[in-house]
Amino acid sequence: MTFQAYEILGPDRPSRWLVTCDHAANAVPQDVGGGSLGICAADMARHIAYDVGAAGVTRALARRLDAPAILSTFSRLVIDPNRGEDDPTLLMKLYDGTIIPANRSAGAQELERRLDAFYRPYHAAYAALAARRADTVICAIHSFTPRLNGRAPRPWEVGVLYSHLDDRLALPLIARLRAEGFVTGDNQPYDGHLDGDAIDRHALRHGRPNVLIELRNDLIGDVDAQALWAARLAPILEDVLAASGL
């Protein structure tokens with residue numbers, strides 16, 4: 001059976017929004033290491049393998065916005081769909097102190113195979129969904145760990161990431177979240193511009209308004225918390241978009 005690299009929710013929903021989740025799953029297909037990357041279950045359950053809690057927020061937020069959504073179905077350690085095809089971190093061999101045995105000896109041929117099997121089908125489906133209407137607005141949902149190994153704790157509850165090429169939605173969203181009392185990172189905990197990443201590929205290159213939201217994963221660890229954050233974000237996103245005039 002062919003592995004389906006993505007899941008699409010509500011493709012006919014009417015909203016301008018498209019909600020995406022590039023790191024939704026920690027699954028390893030059978031044709032990659034027999035379904036194992038050679039790391040323990042505890043590592044596969046943490047942020048190095050996927051964005052913990054992000055899929056649940058994506059599903060709930062898409063329902064509230066009456067918007068379609070696309071989610072990856074494979075671990076970011078299999079191949080990272082939020083990197084450009086020429087990015088050296090596309091296939092990670094070491095992540096936050098954990099060696100990835102199934103990737104350690106993977107060369108150009110294996111990389112190309114994974115691109116064809118997982119990465120490219122995901123992006124083809126993403127592109128088709130984004131093109132369903134001329135005025136698509138993309139909201140990418142990610143999560144981040146409260147603390148990387150050996151690093152300082154991260155204080156933010158939510159981060160809003162954006163490129164310097166398009167901050168039309170991000171800056172008012174940051175202002176609104178802060179006004180609501182949320183500890184909000186401005187391009188924190190990561191910088192929001194990365195050539196070839198999913199937002200660059202599907203939003204910036206097409207002039208589509210966009211925002212990437214990072215939620216601290218200890219705040220979205222269960223279904224109720226994921227639904228709560230979706231309920232918080234949906235009206236704020238709608239308000240910010242309406243006020244933008246985009």
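Contact here means heavy atoms within 4.5 Å, and helices (H or I, at least four residues) and strands (E, at least two) are DSSP runs numbered from the N terminus. This is a predicted model, in which local features need pLDDT of at least 70 and side-chain atom pairs count only at pLDDT 80 or more, while totals for chains, interfaces and linings use all residues. Residues are numbered from 1 along each chain as its sequence is written, and side-chain values use heavy atoms, with hydrogens and water left out.

**Nonpolar cores**

- A nonpolar core is a set of buried Ala, Val, Leu, Ile, Met, Phe, Trp, Tyr and Cys residues joined through side-chain atoms within 4.5 Å, where buried means under 20% relative accessible area, exposed over 50% and partly exposed in between (1.4 Å probe, protein chains only).
- The largest such core has 39 residues, and those with the most contacts inside it are Trp17, Leu61, Leu173, Ile213 and Leu237.
- Among the elements that give two or more residues to this core are strand E2 (17-21), helix H2 (54-65), helix H5 (170-179) and helix H7 (223-244), and the largest share, 8 residues, comes from H7.
- A second, separate core of 36 residues includes Ile48, Tyr50, Phe74 and Ile199.
- Leaving aside neighbours within four places in sequence, Leu237 is in contact with Trp17, Leu61, Leu65, Cys139, Leu173, Val211 and Ile213.

**Helix H7 and its partners**

- Helices H5 and H7 pack at an angle of about 135 degrees with their axes 10 Å apart, the axes being lines fitted to C-alpha atoms, for helices over the stretch in contact, and the angles running from 0 to 180 degrees between N-to-C directions.
- H5 and H7 are therefore oblique to each other, given that angles under 35 degrees count as roughly parallel, over 145 as roughly antiparallel, 65 to 115 as roughly perpendicular and the rest as oblique.
- In this pair, Pro172, Leu173, Arg176 and Leu177 of H5 meet Leu233, Ile236, Leu237, Asp239 and Val240 of H7.
- By class, the contact of H5 with H7 has 7 nonpolar, no polar and 2 charged residues, where Ala, Val, Leu, Ile, Met, Phe, Trp, Tyr, Cys and Pro count as nonpolar, Asp, Glu, Lys and Arg as charged, and the others, Gly among them, as polar.
- H2 and H7 pack at an angle of about 45 degrees, with their axes 8 Å apart, which makes H2 oblique to H7.
- On the H2 side, Gly56, Val57, Ala60, Leu61, Arg64 and Leu65 take part, and the H7 residues they meet include Ala230, Leu233, Ala234 and Leu237; by class, this contact has 10 nonpolar, 2 polar and 2 charged residues.

**Thr20 in strand E2**

- Thr20 is found in strand E2 and is buried, with a relative accessible area of 0%.
- Not counting residues up to four places away in sequence, Thr20 touches Thr58, Ile70, Tyr126, Ile138, Cys139, Ala140 and Ile141.

**Backbone features in loops**

- A cis peptide bond, with omega of about 10 degrees, joins Gln188 and Pro189, and Pro189 has its place in the loop between strand E8 (184-186) and helix H6 (198-202).
- Asn187 lies in the loop between E8 and H6, has a positive phi of about 55 degrees although it is not a glycine, and counts as buried at 16% relative accessibility.
- Asp66, in the loop between H2 and E3, has a positive phi of about 55 degrees although it is not a glycine, and counts as partly exposed at 37% relative accessibility.
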